[in-house]
Amino acid sequence: MNKLIFETAQPILNHLLSHNYQAYFVGGSVRDYLMDKTIHDIDITTSATPDEIEAIFDKTIPIGRDHGTINVVYNNEQYEITTFRAEGDYDDHRRPNEVFFVRDLYEDVQRRDFTMNAIAMDRDYKVLDYFGGQNDIEKKIIRTVGNATERFNEDALRIIRGLRFQSQLGFEIETQTYLGMQQHIASISHLSIERIVVELKKLISGRYVVQSFNNLKELNAFDYMPFFRAFDFSKFNIENAIDFSLFIALLKVQQPNVDSSLSLLKISKQEKKYINTLENLLNMIPKISTKNELKYFVFDYGKDDIIKVLNHFELIKNNHIIKQSPIIINLITVNEIFANLPITSRKQLAINGKDLLTTLNQTSGAWIKTLMREIECAIIRGDVVNEKNEILEWVKTHVEI
């Protein structure tokens with residue numbers, strides 16, 4: 001088991017303990033440690049209040065002070081420390097109305113979502129497991145801490161988190177936990193799409209996504225999510241992990257008449273642009289009927305994105321998303337074409353718009369963009385080499401402005 005990340009953080013626990021506070025590792029890091037999985041970051045929980053944490057550490061950052069979370073900076077690393085806490089009622093299925101700081105570990109872990117995430121561990125690697133989390137890990141079961149209906153009524157995001165854990169770990173969802181999901185699935189309509197998308201990205205890319213995605217559909221979860229509710233998910237199935245951007249692009253290509261804007265996902269401009277690129281790429285494949293068109297296609301979209309799509313072609317075929325191109329498009333041909341392209345980007349052209357204006361003695365206009373495209377295609381076909389004088393001569397003899 002990988003103890004290094006815990007040993008690196010032990011001075012934090014030791015410092016808290018030396019001031020007579022309780023301190024434990026908790027949550028996902030303990031779960032992953034017990035499963036002998038890679039641990040990316042750790043969470044520490046303590047009986048010390050935020051004021052007390054700030055008083056005993058030299059450098060702190062109050063990232064979530066009102067909710068009891070303080071970042072402690074130690075050896076140029078940041079460690080998230082959260083005070084033991086209990087929570088008041090949840091009126092909006094998203095966040096508690098009040099947070100109470102407590103001094104008892106049990107009160108803290110009993111408010112957590114699933115048993116496997118409610119396990120604490122002290123500096124000597126002694127596990128404190130009040131709810132059978134270790135047993136559930138061994139049996140590969142996802143079970144809520146306490147009553148499932150109460151847990152999901154408090155925070156509906158736990159439903160999607162539970163399905164995300166299933167996708168990542170391959171665990172089964174315990175019966176009462178799944179019934180609780182069914183009972184409160186409509187509550188996810190109260191969640192922000194940003195929180196939903198964070199979980200969906202992890203879920204869609206999980207190793208065991210098939211069962212998890214089918215559960216999403218069986219629960220009608222997509223009916224309560226902006227953007228997704230417009231699509232018919234009875235038409236869409238997933239057999240393997242997939243990138244979120246490609247997932248969205250495939251949905252849009254499969255159901256092109258659905259009116260659902262990417263802006264509803266509240267994702268970055270860069271992500272929206274990339275989804276549009278993948279959508280255009282997918283729509284181009286059936287239109288490629290000649291070897292030269294295939295060369296233009298590889299030049300326009302680049303090897304990596306085309307290969308990403310080809311790696312999911314079985315999914316594309318099974319979902320009847322696009323028809324196969326008349327030209328054989330596979331990993332070998334795409335790699336060969338890309339390797340032999342004389343240029344792989346417009347930036348590599350030995351000529352620019354200013355050169356054309358000067359040589360042809362014309363005023364600027366839309367014709368420049370059209371001509372630059374013709375030049376690109378001619379170079380890709382091998383009709384002209386990518387040298388300035390050669391290109392200008394080719395333009396004079398082959399292009400009519």
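Buried means under 20% relative accessible area, exposed means over 50%, and partly exposed lies in between. The exercises below apply these words to a predicted model.

**Exercise 1. Are Phe213 and Phe222 buried or exposed, and how do their rings pair?**

Step 1. Take the surroundings. Phe213 and Phe222 are both buried.

Step 2. Take the rings. A pair of aromatic rings is described by the distance of the centres and the angle of the planes.

Step 3. Name the arrangement. Planes under 30 degrees apart count as stacked and those over 60 as edge-to-face, so the rest are tilted.

Step 4. Widen the view. The structure holds 23 aromatic pairs. Phe213 and Phe222 belong to one aromatic cluster that also takes in Phe227, Phe228, Phe231, Phe233, Phe236, Phe244 and Phe247.

**Exercise 2. Which residues of helix H10 are buried, and what covers them?**

Step 1. Locate the helix. H10 spans residues 209–218.

Step 2. List its buried residues. They are Val209, Ser212, Phe213, Asn215, Leu216 and Lys217.

Step 3. Find the cover. It includes helices H7 (157–169), H8 (175–184), H9 (193–204) and H11 (244–254), along with strand E11 (172–173).

Step 4. Look past the helix. Asn220 follows H10 and has a positive phi, near 60°.

**Exercise 3. Where in the chain do the salt-bridge partners Arg65 and Glu54 lie?**

Step 1. Check the contact. The closest N and O atoms of Arg65 and Glu54 are 2.9 Å apart. The cut-off is 4 Å, so the pair counts as a salt bridge.

Step 2. Arg65 is in the loop between strands E3 (60–64) and E4 (69–74), while Glu54 is in helix H3 (residues 50–56). The two are eleven residues apart, and their pair links distant parts of the chain.

Step 3. Classify each one. Arg65 has 30% relative accessibility and counts as partly exposed. Glu54, at 25%, is partly exposed too.

Step 4. Arg158 and Glu154 form a salt bridge at 2.7 Å, N to O. Here Arg158 is buried at 8%, and Glu154 is buried at 17%.

**Exercise 4. At what angle do helices H14 and H16 pack?**

Step 1. Read the geometry. H14 (residues 303–310) and H16 (residues 331–340) pack at about 175°, and their axes are 10 Å apart.

Step 2. Apply the cut-off. Angles over 145 degrees count as roughly antiparallel. H14 and H16 are therefore roughly antiparallel to each other.

Step 3. Name the contacts. Lys303, Ile306, Ile307 and Leu310 of H14 meet Leu331, Val334, Asn335 and Phe338 of H16.

Terms used. Residues numbered from 1 in each chain as written. Predicted model: local features only at pLDDT ≥ 70, side-chain atom pairs only at ≥ 80, totals over all residues. Heavy atoms only, no water. Salt bridge = Lys/Arg side-chain N within 4 Å of Asp/Glu carboxyl O. Helix = DSSP H or I, 4+ residues; strand = E, 2+ residues; numbered from the N terminus. Buried < 20%, exposed > 50% of the residue type's maximum accessible area, 1.4 Å probe, protein only. Phe/Tyr/Trp six-rings, centres within 6.5 Å; stacked < 30°, edge-to-face > 60°. Contact = heavy atoms within 4.5 Å. Axes fitted to C-alpha atoms, helices over the stretch in contact; angles between N-to-C directions. Parallel < 35°, antiparallel > 145°, perpendicular 65-115°, else oblique.
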